[in-house]
Amino acid sequence: MQIFPNEFLDVIIQFKGVFSKHIYSHVQFLLAGAILCQGKRTISSVLRILGLSKVKNFGKYHRVLSRANWSSLRCSKILLHQLLK
């Protein structure tokens, strides 16, 4: 079941190689929530805007930024290429 529009997926699919398959699913939600969130974009705010503030294992979303193995430099290069297109 696809929950994101194709336009959103077309943009973020390029980041799929940066994250493991398991982490990438969490990254999709965090990115969508960051786009929708107003004000300070903390993980808690993002989860709240997505209606996930009551989930029991919300810590997995915090671990995406703190413990998951991914390269912010690689992400920034992909983003720069997208912006230049």
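The model is predicted, so local features need pLDDT of at least 70, side-chain atom pairs count only at pLDDT 80 or more, and totals for chains, interfaces and linings use all residues. Numbering runs from 1 along each chain as its sequence is written, and side-chain values use heavy atoms, with hydrogens and water left out.

On confidence: pLDDT is the predictor's own confidence in each residue, on a scale from 0 to 100. The mean for the protein is 85, with 98% of residues at 70 or more. Helix α5 has the highest mean, 92, while α4 has the lowest, 81. When I say helix, I mean a DSSP run of H or I with at least four residues, numbered from the N terminus.

Now the core. By nonpolar core I mean buried Ala, Val, Leu, Ile, Met, Phe, Trp, Tyr and Cys residues joined through side-chain atoms within 4.5 Å. Buried is under 20% relative accessible area, exposed is over 50%, and partly exposed is in between, using a 1.4 Å probe and protein chains only. The largest such core has 19 residues, and Phe15, Phe19, Leu30 and Tyr61 have the most contacts inside it. Two or more residues come from each of α1 (6-12), α2 (21-36), α3 (43-49), α4 (59-66) and α5 (72-84). The top contributor is α2, with five residues. As background, nonpolar side chains tend to be buried together in soluble globular proteins.

Contact here means heavy atoms within 4.5 Å. Setting aside neighbours within four places in sequence, Phe19 contacts Tyr24, Val27, Trp70 and Cys75. Take Cys75 from that list: it sits in helix α5, and because its relative accessible area is 12%, Cys75 is buried. With residues up to four places away not counted, Cys75 touches Phe15, Val18, Phe19 and Trp70. Cys75 and Lys16 are 59 residues apart along the chain, but their C-alpha atoms are separated by 9.9 Å.

Further along helix α5 is Gln82. Again not counting residues up to four places away, Gln82 touches Val11, Gln14 and Phe15.

So which residues are closest to the centre of the largest pocket? First, what counts as one: on a 1 Å grid over the protein atoms alone, a pocket is an open set of points where a 1.4 Å probe fits, with protein on both sides within 12 Å along at least five of seven lines, and lining residues have an atom within 4 Å of a point. Grid points are joined across faces, edges and corners, and the volume is the space filled by probe spheres set on the points. The largest pocket comes out at about 480 Å³. Of the 20 residues lining that pocket, Phe19, Val27, Leu30, Leu31 and Leu65 are the closest to its centre. Helices α1, α2, α3, α4 and α5 each give two or more residues to the lining, and α2 has the largest share, five residues. By class, the lining has 16 nonpolar, three polar and one charged residues. For those classes, Ala, Val, Leu, Ile, Met, Phe, Trp, Tyr, Cys and Pro are nonpolar, Asp, Glu, Lys and Arg are charged, and the others, Gly among them, are polar.

Is Gln28 buried or exposed? Gln28 counts as buried because its relative accessibility is 17%. Beyond neighbours within four places, Gln28 contacts Phe4, Phe8, Leu9 and Ile12.

Last, two partly exposed residues. Leu50, in the loop between α3 and α4, is partly exposed at 26% relative accessible area. Leu50 touches Phe29, Gly33 and Leu36, leaving out residues up to four places away. Ile3, in the segment before α1, is partly exposed at 47%.
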